Amino acid sequence: MTEVTRRKLRVATTSLAGCFGCHMSLLDIDERLFALLERVEFDRSPLTDIKHCGPCDLGIVEGGICNAENVHVLREFRANCKILVAMGACAVTGGLPAQRNHLDLGQCLQEVYLTDPSVGQGLIPNDPELPLPLDKVHPLHEVVKVDYFIPGCPPPGDAIWKFLTDLIEGRTPKLGHGLIHYD
Amino acid sequence: MSTLPLETAAHPGQLRRVVIEPLSRVEGHGKVTLLMDEDDHVQQARLHIVEFRAFEKFIQGRPYWEVPVMVQRLCGICPVSHHLAACKALDQVVGATTLTPTAEKIRRLMHYGQILQSHALHFFHLSSPDLLFGFGSDVARRNIVGVAAAHPEVARQGVLLRKYGQEVIRHTAGKRIHGTGSVPGGVNKSLTAAERDELQKDIYQMIAWSRDAVRLVRQLFEQDLETYRCFGSFEARTLSLVRADGAMDLYHGGLRARHADGRTIFDHVEYGHYWEQISEEVKAWSYMKFPYLRALGHEDGWYRVGPLTRVTRCDFIPTPLADRERREFMAFDDGRAARSTLGFHWARMIEMLHAAEAIKDLLHDADLLGSDLMASGPRQARGVGVIEAPRGTLIHHYRVDENDQVARANLIVSTTHNNHAMNVAIREVARKYLDGRKLTEGLLNHIEVAVRAFDPCLSCATHAIGKMPLEVQLVDAEGAVVDSLVRGSA
C-alpha cells in the first residue's frame, strides 16, 4: 500500500486509428487533472514531447490498428507497460474507421486520388515515408494482449477518472451504472 | 517534381535523414522529415500526413441522417464543426433553406462553445509550454504538467475555459464529445431555463479570462519581438468566410480570398459552387491533398486559413471587446504581428474572446428557449455546407439519392487548406534555425513550434485513403497471421 501509493504511477498514452476524442474525454476530468498530476506522471503521450514509450505502469491506447506504424507503436506500448488499456470504441472494436473493412482498398484509392472530380492532377501517394495501410482496421486485442477495455465513443471523463483512481488506490477498476455506455 | 524551395532534394539518396516522429502536442498523426547534407545544410523538409481513414467512401450508401453523427468522428477536438457542416449541407437536401430562429441560435451557441474549448485546449494544453518556457527548453517540463507547476493560475484558467466550452456543447448537443443535437433541418433540443441560467452564471468570468489570455500573448510578443515577428513567417494568400457586411462570422457567410498584400482575389462568393474556386493537388509523400485557388493554379494558388486569416481579413469583429483587441493586434509592430506565423496564437485568443462574448449575447436571447426546432421544404439532391471551424474553413458536400442514401461525399477540411502553408513554415524555420547546425532535440522542437502555430488537426485531414506498395503480414500475440498487405492492389 505505502510503497505503491507513494510513488507516482507512470502513464503513457497514445492515439492510433482514432480521433483524439478519448484523449479529450481524459481532459474532461477538468480540474481533477491537477489532482491526478499529484499521483501520476506522463511518459509518451500527445500531451508531452516524449516520442517513445519507456517502462510504464500503465499504457492507455485510443484508436484501432489501421497501418504498420500503429502496429509498431502498439507493440512498443505492450512491451513497456505493465497494464495496457484499450480506451474507447475504436480500440475495443475498431470503431467507425472499421467501416472501411468492407471496401476494396485499391478501388477507394483510385476514387480518392485519381478519379475524384475535385483533384486536378491525379497521383497515388506512395512515398516510403508513408506507413503501409492494412487491408482492414483491427481492434487492439487482435494484435496484443489487452488487460482492460473501456467502452464508449468516447468513454465519459467520469469513467476514465473512476478507472484511474481505482488503479491508483490499488483497487480492481470497476465502472458502475452510468459510466459504461457505448455511444 | 515540384520546384518549390526545400520541398524536393535533387539527390535524396546521398543525404542524411532526420525524422521528428510522432509530432507531439498536435492532434492526429504526422511527422516531419529533413534531409541534411554532410555540412548539415537542410536540403529537403516535408510535413507528412501518415494516416488514412476513408470517411468519404464508407459513408456512401448510408442514410443521410446518419451522416452528422458519423462524420464528427473524424475529430474528437472539433466534432461540432463536422456535425454542423454536415447538417448545413443536409439542410439543403431536406429543403430547409431557412432554419427556425431557435435552431440557428442553438447551433451557433454550440459552435461558439466549441471555438472556445478548442482554442483554449490548443493554447493552454498544447502550445503554451513552448511560449512560456522557450522553444528549446527542457523537454521534461515542456508540457501542461510543467505549466501547471510553474504557472498554476494560467493552467487553471485554461482548464476551466475549456471546461466551460465543453459544458456549452453538452447542453446543446447532449454530450461533450460526439453529441447529437443538430439534425438536417434544425436541432432536436433547445435550452431549458435552468440550463441557460447555469451557463449564464460563469460567462462573465470566461470573458475576463479570455481577455487575460489575449494580453498574455501580447506580452509574449513584447518580450521577444524579433523572434515572434519572424519565426516561420511568410507571405500568403488567404481564404475565409465573412458575413455580408464584412464582419467575422464563424457559422455562416461568403468566401473571401485575398492576396498577401490584401488585394481581393474574390469576395462574398456563395459557397455552393466552391469547386469553381478551389481544386486539389496530390503529392506522392502525403495522404493529405494540397488545395489551391483555381484562378492562380497549383504552383501559386496555395493559401492559408484559420484564426490568423479570419482576424486579419474580416472588416470587423461584431463583439466590442474582441474587435478592440483585433484593432490593437492589427496595429502592433506596424502590422507585422498580424503577418507573422506566431500571430496565429494572438488571433486565436482574440477569437476565443469573441466566442465568449457571442455566447454571452446568445444566452440573453429568448429564442434559445423556443420550441420551434425544425424546418423543411422541397427535397434537393445535393447540399454544400461550409463553416469556419476552429482551424479554418471546412467544406462538406453531399449528394443524396432517391432512397435517402448518400451517393457521393467530398470533404475539404481546415487543416488540408493549410497543408502547403505549414510546409512553407517548417522550411522557413529549417532554413533559419537548423541549417548548418548540429541538430538537438530543442532545435527540432522549433519545427514543431511552427507546425503547432497552425493548430493542425491531422485526424481531420486523414479522411482519404492510401497506397500499399509492399507486402507485409500482421501477426497477433501468438504469431498467427491476422492481416496482410497485398502488393500492388492499387
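This is a predicted model: local features need pLDDT of at least 70, side-chain atom pairs count only at pLDDT 80 or more; totals for chains, interfaces and linings use all residues.
**Entry 1**

I counted 70 residues of chain B in contact with 64 residues of chain A. Next I asked which elements of chain B supply at least two residues each to the side that touches chain A. They are α1 (55-58), α5 (144-150), α6, β9 (278-281) and β16 (481-484). Of these, α6(B) gives the most, with 6 residues. I then sorted the chain B side by class: 34 nonpolar, 18 polar and 18 charged residues.

**Entry 2: α4(B) against α6(B)**

I stayed with α6(B), residues 152-173, and looked at its packing on α4(B). The two axes come within 8 Å and cross at roughly 155 degrees. Angles over 145 degrees count as roughly antiparallel, so α4(B) is roughly antiparallel to α6(B). The crossing of this pair is left-handed. I noted 15 nonpolar, 9 polar and 1 charged residues in the contact of α4(B) with α6(B).

**Entry 3: α4(B) against α12(B)**

I kept α4(B), residues 101-133, and turned to α12(B), residues 343-363. How far apart are their axes, and at what angle do the helices pack? I read 9 Å and about 150 degrees. That angle makes α4(B) roughly antiparallel to α12(B). I logged the crossing of α4(B) past α12(B) as left-handed. By class, the contact of α4(B) with α12(B) has 14 nonpolar, 5 polar and 4 charged residues.

**Entry 4: V214(B)**

I picked V214(B), which sits in helix α7 of chain B, residues 193-223. Is V214(B) buried or exposed? I found 25 other C-beta atoms within 10 Å of V214(B), so this residue is buried. I left aside its neighbours within four places in sequence and listed the contacts of V214(B): E325(B), M349(B), I350(B) and L353(B). I also checked V214(B) against M70(B), 144 residues apart along the chain. Their C-alpha atoms are separated by 35 Å.

**Entry 5: the largest nonpolar core**

Last, I looked up the largest nonpolar core, which has 200 residues. Which residues have the most contacts inside this core? I wrote down V61(A), I65(A), L116(B) and I426(B). I followed up V61(A), not counting residues up to four places away in sequence. V61(A) touches T14(A), L16(A), L74(A), F77(A), L84(A), V85(A), A86(A), M87(A), A91(A) and L140(A).

How values were computed:
Residues are numbered from 1 along each chain as its sequence is written. Chains are lettered from A and ligands numbered from 1 in the order in which they are written. Axes are lines fitted to C-alpha atoms, for helices over the stretch in contact, and angles run from 0 to 180 degrees between N-to-C directions. Helices (H or I, at least four residues) and strands (E, at least two) are DSSP runs, numbered from the N terminus. Angles under 35 degrees count as roughly parallel, over 145 as roughly antiparallel, 65 to 115 as roughly perpendicular and the rest as oblique. A crossing is left-handed if the near helix is turned anticlockwise from the far one by less than a right angle, and right-handed if clockwise. Ala, Val, Leu, Ile, Met, Phe, Trp, Tyr, Cys and Pro count as nonpolar, Asp, Glu, Lys and Arg as charged, and the others, Gly among them, as polar. A nonpolar core is a set of buried Ala, Val, Leu, Ile, Met, Phe, Trp, Tyr and Cys residues joined through C-beta atoms within 7 Å. A residue is buried if 20 or more other C-beta atoms lie within 10 Å of its own, exposed if 12 or fewer, and partly exposed in between; C-beta atoms are placed from the backbone. Two residues are in contact if their C-beta atoms, placed from the backbone, lie within 7 Å.
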